[in-house]
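The following paragraphs go through one structure step by step. Please keep the sequence and the coordinates at hand while reading.

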Amino acid sequence: MVAGMWIRSTMTYRASFALTVVTNFCVTFFDFVVILLMFGQVEGLGGFAFAEVALLYGTAGTAFGIADLTMGSLQRMGSRVRDGSLDTFLMRPAPLLAQVAGDKFALRRFGRVTQGLLVLVWSLCLLDVAWTPVKLVLLPVTVVSGAVIFGAVMVLGASVLFWMQDAAEVTNSFTYGGNTLLQYPPTIFAKDLVRGVVYVVPLAFVNWLPALYVLDRPAPAGVPEWAAFASPLVAAVCCGVAGLAWRAGIRAYRSTGS
Amino acid sequence: MRLYATVAAGGFRRHATYRVATAAGVFTNTVFGFILSYTYIALWDERPQLGGYSMDDALAYVWIGQALITVCGMMGGGFEDELIERIRTGDIAVDLYRPADLQIWWFSANLGRSAYQLLGRGIAPMAAGWLAFRFTLPAGPGSWLAFMVAVALGSTVGFAIWYLVAMSAFWLMDGQGVVQVAWLGGLFFSGMLLPLNVFPGALGEVARVLPWASLLQVPADVYLGTYEGWELAGAYAFQGGWALVLLGAGRAVQAAATRKVVVQGG
C-alpha cells in the first residue's frame with residue numbers, strides 16, 4: 001500500500017519518471033559496457049572467457065536488482081530516524097519493515113532487474129554448458145537465494161542505522177560493492193578477500209559458488225564442492241540474523257521527541 | 001567577499017559535523033578501491049601498458065578516483081538535492097531576496113564542502129590504498145601542487161555541472177530524472193569505471209573532450225606527470241575553459257529562471 005502510494009506520487013511527474021527508468025537501465029548498462037570495453041582489449045580475465053564473466057554479471061546483477069527493488073529504500077531510514085519521522089510509521093498498524101521498504105518505493109529500479117536478466121539470457125545463449133537437470137534447477141535457485149542474501153544484508157545494514165543514523169554508506173560497500181565484486185571471476189581477487197566473502201559476509205553464495213559449479217570450474221579458496229548447493233540455506237540463516245538485528249534495532253529506537 | 005568566505009567556512013564546518021558519515025564514506029571508498037584495484041591488476045596483467053599506463057600508474061588512478069569522488073562530484077555534487085528541494089518547495093524565493101548572488105552563494109558553500117571532503121574522505125582511502133598496493137606517487141612537491149590545482153579546477157567544473165542540473169528544477173519541478181542523467185554521465189565519462197584513455201576509438205576521443213574529463217582523467221594525468229610545461233598549461237586551460245562555459249551557462253539559466261519564476265506554496 002505504501003509502495004502503491006509512492007508509485008502514484010512518482011507518476012505525477014511523468015517526464016521525469018520516464019527519464020529515471022531509462023537512466024536506471026542505462027546506469028547498469030554502462031556498468032556492463034565497461035566489461036565489454038575490457039574484453040575489447042583482452043581475451044580473458046583471470047582465466048575466464050567473456051561468456052563466463054557475463055554469466056557472473058547476469059546472476060549477480062539480477063539478484064542485486066531484485067533486492068534493490070524491494071529493499072533498496074531501507075537506506076533512507078537513517079534520515080527518518082534522525083528527523084524523527086519514523087514515529088509516524090510506528091503508529092501505523094502495519095509491520096515497520098514493510099513500511100520502510102515501501103517508503104519512496106521506486107518503480108524505476110525495474111530497469112536494473114531487466115538489464116541483469118538480459119545479460120543473463122545473453123550469456124546463456126553464448127555459453128557452451130553441459131546442462132544437467134541439477135544445473136537447470138540450480139540457476140533460478142541461485143538468483144532467488146542471491147536476492148534474499150542481498151536483501152538480508154540491506155536489512156542488517158538498516159538495523160545499524162537505529163544506532164548510527166549516518167552510516168548508510170557502509171551498507172553500500174557490501175551491497176553495491178558486493179555486486180561489483182561478484183561480476184568478476186574470483187580468480188582475480190586475493191585469496192583472503194575470497195575467504196572473507198565465503199565465511200564472513202557470505203556474498204560468495206549469491207552467485208560465485210553455484211555459478212562456478214554450472215561452469216564446471218573448481219570452487220575458490222579451498223571451499224568444498226557441496227557449498228555450491230548451500231545458497232538457500234545460507235540465505236535462510238542470513239534472514240534469521242537480519243531479523244534478530246532488526247528487532248534489536250526497533251527496541252533500541254528512541255524517538256527524537258520533536 | 002567576507003560574506004562568501006563565511007559561507008564557505010560554514011560549508012566546511014557543516015560537513016565536518018557528520019563524522020560517522022565521513023567514516024562510513026572512507027570505509028566504502030576503500031572497499032571499492034580494493035575491488036577495482038584487483039580488476040585493474042587482472043586487466044593490466046593481460047595487457048601491460050594498456051592506455052599508456054603501467055600497472056602502478058593504473059593502481060594510482062583507481063585510488064585517485066576514490067579520493068576525488070565527492071571532492072569533484074562525479075556521482076553527485078552533494079548540494080544539488082538541497083537546492084532542488086528549495087526550488088520545488090518555493091523556499092528559493094527567500095534565497096532570491098537575499099543581498100547575495102545565488103550562484104556565488106552556492107559555489108562558496110560547495111567550496112567549503114569540497115575542501116572538507118578532500119581532507120576527510122580523500123586522504124585516508126589513498127593512504128590505505130598506497131599501503132596495500134604501493135602505486136605511483138608524484139615526483140615531488142611541485143607535482144603535488146600541480147595536482148592540487150587540477151583538483152581545484154575539477155571541483156569547479158563539477159560544481160558548474162551540478163548547478164546547471166539543479167537549475168533545471170525551475171522548469172521540471174522534480175529534478176530526479178535530470179539528476180540521474182547527470183549521474184550517469186558523470187559515472188561513465190569521468191573515467192570512474194575505466195580510464196578514458198583505455199576507451200577505444202571515437203568513443204575515447206569524444207569522452208576525452210567532454211567536461212567530465214576534467215573531474216578525474218585530467219587531475220590523474222597531472223598527478224602521474226603526463227603533462228609538462230605548456231602541456232600542463234593546456235590541461236589547465238581545458239578545465240578552466242569548461243568551468244567558464246558551464247558557470248556562464250548556469251548564470252544564463254538562473255537569469256532566465258528568475259525572470260519567470262512562479263513560487264510554489266502559500
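Where in chain A is the place of Thr70(A)? The model is a predicted one, and in it Thr70(A) belongs to helix α3 of chain A, which covers residues 50-71. The side chain of Thr70(A) comes to 3.0 Å from the backbone oxygen of Ile66(A). Thr70(A) also has a counterpart 32 residues away along the chain: its C-alpha atom and that of Gly102(A) are 7.6 Å apart.

Next come the cysteines. Cys125(A) has a relative accessible area of 59% and is therefore exposed, whereas Cys72(B), at 2%, is buried. Over all chains, a search of the whole structure finds zero disulfides.

The nonpolar interior is the last topic. In soluble globular proteins, nonpolar side chains tend to be buried together. Here the largest nonpolar core has 124 residues, and those touching the most other members are Met77(A), Leu86(A), Phe189(A), Trp208(A), Phe188(B) and Leu194(B). Helix α3 of chain B, residues 55-72, gives the most to this core, with 12 residues.

Which residues are in contact with Phe188(B), leaving aside its neighbours within four places in sequence? From chain A they are Phe30(A), Val33(A), Val34(A) and Leu37(A), and from chain B they are Leu193(B), Leu196(B) and Phe199(B).

Definitions and conventions
Residues numbered from 1 in each chain as written. Chains lettered and ligands numbered in written order. Predicted model: local features only at pLDDT ≥ 70, side-chain atom pairs only at ≥ 80, totals over all residues. Heavy atoms only, no water. Helix = DSSP H or I, 4+ residues; strand = E, 2+ residues; numbered from the N terminus. Polar contact = N/O pair within 3.5 Å; in protein donor to acceptor, adjacent residues only side chain to side chain. Disulfide = S-S within 2.5 Å. Buried < 20%, exposed > 50% of the residue type's maximum accessible area, 1.4 Å probe, protein only. Core = buried A, V, L, I, M, F, W, Y, C linked by side-chain atoms within 4.5 Å. Contact = heavy atoms within 4.5 Å.
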